[in-house]
Amino acid sequence: MQLTNKTEKYVAFKVKTTNPKKYCVRPNSGIVLPGSSCNVTVTMQAQKEAPPEPCRDKFLVQSVVTPDGTTSKDITPEMFNKEDGRVVNEFKMRVIYIPANPPSPVPEGSEEGTPPRASSQENANQNFEEVSRSLEDTKEKSSEAWSAISKLTDEKSSALQQNQRLRQELEQIRKDISKSRAGGFSLMFVMLVGLLGVLVGYFVKRG
């Protein structure tokens, strides 16, 4: 929680709880300078069993105006006594437990600072399942990719073979046309030679 001093005075604060063995408050007391704020962290200690519902734990935040220049070392329990007309502001807070999502009860035998083994095992199993699913998806996508590549390779090979056959057929057609042209030229040449021979014979006889 955050404590904010909106006054122009030095304010001392102290945080109390009905169950000090269960909660750790840092800092549990201090000085908030004029126009400044102070962050207070409340941590619940590790429990051997799930806390009862409803929770009856409470916190009390006390604050009192102090002389200028007061430091945290100058704070004493007497400063928060409502004697001698001293004004002590108090703010009470009730503890409400909010279950985690998903709920993760603390197993028996766990020690402070040691993460629950059951929860760690469940997290490890969940991470393993997620990694396994990811690998399976990757393998499936890889198989599909290789199948597509193989199909494209086969299509490319078929296209190259068909192109080769078309080239061979085109070359054969060109050769056939060349032979046809060559054969036509020889026949015409023979006919011309024969015609010239007939004409020469005709003129010789006539002469």
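**Chatting through a predicted fold**

Q: Which residues does Met79 touch, not counting those up to four places away in sequence?
A: Leaving out residues up to four places away in sequence, Met79 touches Ala12, Val64, Thr66, Asp74, Arg86 and Val88, where a contact means heavy atoms within 4.5 Å. Bear in mind that the model is predicted: a local feature needs pLDDT of at least 70, side-chain atom pairs count only at pLDDT 80 or more, and totals for chains, interfaces and linings take in all residues. Numbering starts from 1 along each chain as its sequence is written, and side-chain values use heavy atoms, with hydrogens and water left out.

Q: OK, and where is Met79 found?
A: In the loop between β7 and β8. Strands here are DSSP runs of E with at least two residues, helices are runs of H or I with at least four, and both are numbered from the N terminus.

Q: Why does Met79 count as buried?
A: Because its relative accessibility is 16%. Buried means under 20% relative accessible area, exposed means over 50%, and partly exposed is in between, using a 1.4 Å probe and protein chains only.

Q: Zooming out, what pattern does the chain follow?
A: Along the sequence it goes β-β-β-β-β-β-β-β-α, with eight strands and one helix. There are 207 residues in the protein chain, and 15% of them count as buried.

Q: What share of the contacts joins residues at least 24 apart?
A: 67%, taken among contacts between residues at least 6 apart in sequence.

Q: How do β2 and β7 run?
A: Antiparallel, joined by eight bridges; strands pair if DSSP finds at least two bridges between them. Val11 has Val65 in β7 as its bridge partner. β2 also pairs with β4 in the antiparallel sense, over four bridges, and there Lys14 stands opposite Ser29.

Q: What does β3 pair with?
A: β6 (residues 41-44), antiparallel, over four bridges. Tyr23 sits across from Met44 in that strand.

Q: Which peptide bond is cis?
A: The one from Arg26 to Pro27, with omega near -10°. Pro27 lies in the loop between β3 and β4.

Q: Switching to Gln47, why does it count as partly exposed?
A: Because Gln47 comes out at 21% relative accessibility. Gln47 is in the loop between β6 and β7, and its C-alpha is 8.2 Å from that of Lys22, 25 residues away in sequence.

Q: What volume does the second largest pocket have?
A: About 220 Å³. A pocket is an open set of points on a 1 Å grid over the protein atoms alone where a 1.4 Å probe fits, with protein on both sides within 12 Å along at least five of seven lines; lining residues have an atom within 4 Å of a point.

Q: Which lining residues are closest to its centre?
A: Of 14 lining residues, Leu3, Thr4, Val11, Val61 and Ser63 are the closest to the centre of the second largest pocket. β1, β2, β7 and β8 are the elements that each give two or more residues to that lining.

How values were computed:
Points joined across faces, edges and corners; volume = space filled by probe spheres on them.
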